[in-house]
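Please open the structure in your viewer and get ready to select a few residues at a time. We will go from stop to stop together.

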Amino acid sequence: MSALEVAGASKIFNQGTTKQVDALIDVNLTVNPGEFVSLIGPSGCGKSTLLRLLAGLESPDAGSLLIGERSPDEMRMAGRLGVAFQDPALLPWRSVWKNITLPLQVMGKSVKEYQSAIEELISLVGLKGFEQALPSQLSGGMRQRVAIARALVTEPEVL
């Protein structure tokens, strides 16, 4: 079984009433379990659109996407997907610690149960000592590392 299967995926964005952008047309991709895949290409070629489809943040206009045997929406709702966006998208009023715990809270999980895992993630991304810092007090790279820890906190099957 494939880890990811994209079959004939297409996504079209309408810009106004007369223009459309064909972001993806008939894309096919198979990723096997354990593989590490990088999407490369020029700006505007559809890399982010494909990732947004796989994360269940957009729906394809045609084709299908599976993660294992489940749809991206099912995986997202089950907390089995981790997403680190291009922009860290941190909540400015929440500390490093509280930004990392956000997915757990959204899923209704006990933050207390994940305390040691959160501490390990903070250490892993090199932010020990910054747990109570707000995003405005961090460098751009540090904010991105908070976003990565937040994406990993639910122990996703796919990142």
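The tour below visits the cores, then a helix, the salt bridges and finally the pockets.

**Before you start**

This is a predicted model, in which local features need pLDDT of at least 70 and side-chain atom pairs count only at pLDDT 80 or more, while totals for chains, interfaces and linings use all residues. Residues are numbered from 1 along each chain as its sequence is written, and side-chain values use heavy atoms, with hydrogens and water left out.

**Stop 1: the cores**

Select Val96, Ile100, Ile118, Leu127 and Val146. These residues have the most contacts inside the largest nonpolar core, which has 18 residues. A nonpolar core here is a set of buried Ala, Val, Leu, Ile, Met, Phe, Trp, Tyr and Cys residues joined through side-chain atoms within 4.5 Å. Buried means under 20% relative accessible area, exposed means over 50%, and partly exposed lies in between (1.4 Å probe, protein chains only).

Now colour helix 3 (96-106), helix 4 (115-124) and helix 5 (140-152), the elements that each give two or more residues to this core. Helices (H or I, at least four residues) and strands (E, at least two) are DSSP runs, numbered from the N terminus.

Zoom in on Leu127. Which residues does it touch beyond its neighbours within four places in sequence? Leu127 is in contact with Val96, Ile122, Met142, Arg145 and Val146, where contact means heavy atoms within 4.5 Å.

A second, separate core has 13 residues; select Leu24, Leu65, Ile67 and Met75 to see some of them.

**Stop 2: helix 3 and what follows**

Go back to helix 3 and show Val96, Trp97, Asn99, Ile100, Thr101 and Leu104, the buried residues of this helix. They pack against helix 4 and helix 5. Just after helix 3, look for Gly108, which takes a positive phi of about 75 degrees.

Next, select Thr154, in the segment after helix 5. Is Thr154 buried or exposed? With a relative accessible area of 9%, Thr154 is buried. Leaving out residues up to four places away in sequence, Thr154 touches Gly79, Arg80, Leu81, Pro103, Leu104 and Met107.

**Stop 3: the salt bridges**

How many salt bridges are there? The count is four, taking a salt bridge as a side-chain nitrogen of Lys or Arg within 4 Å of a carboxyl oxygen of Asp or Glu.

- Select Lys11 and Glu58, whose side chains meet in a salt bridge at 3.6 Å, N to O. This pair links distant parts of the chain, 47 residues apart: Lys11 is in strand 1 (residues 4-15), and Glu58 is in the loop between helix 1 (47-54) and strand 3 (62-67). Lys11 counts as buried at 10% relative accessibility, while Glu58 is partly exposed at 24%.
- Select Asp73 and Arg76, where the closest N and O atoms of the salt bridge are 3.0 Å apart. Both residues lie in helix 2 (residues 72-77), three residues apart, about one turn of the helix. Asp73 is partly exposed at 37%, and Arg76 is partly exposed at 33%.
- Select Glu157 and Arg80, which meet in a salt bridge at 3.2 Å, N to O. Glu157 is in the segment after helix 5 and Arg80 in the loop between helix 2 and helix 3, so the pair ties together parts that are 77 residues apart in sequence. Glu157 is exposed at 55%, whereas Arg80 is partly exposed at 24%.

**Stop 4: the pockets**

On a 1 Å grid over the protein atoms alone, a pocket is an open set of points where a 1.4 Å probe fits, with protein on both sides within 12 Å along at least five of seven lines; lining residues have an atom within 4 Å of a point. Grid points are joined across faces, edges and corners, and a volume is the space filled by probe spheres set on the points.

Select Val37, Leu51, Gly82, Val158 and Leu159, which lie nearest the centre of the largest pocket among its 39 lining residues. This pocket holds about 1200 Å³ of space. Helix 1 gives the most to the lining, with six residues.

For the second largest pocket, of about 520 Å³, select Arg76, Leu81, Val83, Pro103 and Val106, the closest to its centre of the 18 residues that line it. Helix 3 gives the most to this lining, with three residues.
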